[in-house]
Amino acid sequence: MFDKFVEIICNYVEVEPENVHPESRFMEDLGFTSFDFMSMLGELEEEFDVELDEQEAANIRTVQEAVDYLEKLTK
């Protein structure tokens, strides 16, 4: 799941896949804007066939937190 998620991240910001790490923060490290982040969440819902809770998603700061949240929803 991590690799697929990194691929999606790279569609939204200009960052190379090898520069995306579990501890990378979306805004500070990867250069996401709020709009980029919300757009990506919509794509994640479609890609992984899940429904994200906006309140929980708003608290996600790092790539690993997002992966953990997605894995929890897909079980």
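Helices here are DSSP runs of H or I with at least four residues, numbered from the N terminus. The model is predicted. Four helices and zero strands make up the assigned secondary structure of the chain. Read along the sequence, the pattern is α-α-α-α.

The radius of gyration of the chain is 11 Å, which agrees with the value near 11 Å for a compact globule of 75 residues. The C-alpha trace spans about 30 × 20 × 20 Å along its principal axes. Buried residues account for 36% of the 75 residues. Of the contacts between residues at least 6 apart in sequence, 48% link residues at least 24 apart.

In soluble globular proteins, nonpolar side chains tend to be buried together. The largest nonpolar core in this model holds 24 residues. Phe5, Ile9, Phe26, Leu30 and Met40 touch the most other members. Helices H1 (2-12), H2 and H4 (63-73) each give two or more residues to this core. Leaving aside residues up to four places away in sequence, Ile9 touches Val15, Val20, Phe26, Leu30, Phe32, Met40 and Val63.

The largest pocket has a volume of about 150 Å³. Its lining comprises Phe26, Met27, Glu28, Ser34, Phe37, Met38, Leu41, Glu54, Ala57, Ala58, Ile60 and Arg61. H2 gives the most, with four. By class, the lining has eight nonpolar, one polar and three charged residues. Phe26 belongs to this lining and is also a member of the largest nonpolar core.

Key: Residues are numbered from 1 along each chain as its sequence is written. This is a predicted model: local features need pLDDT of at least 70, side-chain atom pairs count only at pLDDT 80 or more; totals for chains, interfaces and linings use all residues. Side-chain values use heavy atoms; hydrogens and water are left out. On a 1 Å grid over the protein atoms alone, a cavity is a set of points where a 1.4 Å probe fits but cannot get out, and a pocket is an open set with protein on both sides within 12 Å along at least five of seven lines; lining residues have an atom within 4 Å of a point. Grid points are joined across faces, edges and corners, and a volume is the space filled by probe spheres set on the points. Ala, Val, Leu, Ile, Met, Phe, Trp, Tyr, Cys and Pro count as nonpolar, Asp, Glu, Lys and Arg as charged, and the others, Gly among them, as polar. A nonpolar core is a set of buried Ala, Val, Leu, Ile, Met, Phe, Trp, Tyr and Cys residues joined through side-chain atoms within 4.5 Å. Buried means under 20% relative accessible area, exposed over 50%, partly exposed in between (1.4 Å probe, protein chains only). Contact means heavy atoms within 4.5 Å. The radius of gyration is taken over C-alpha atoms; the globule rule is 2.2 Å times the number of residues to the power 0.38.
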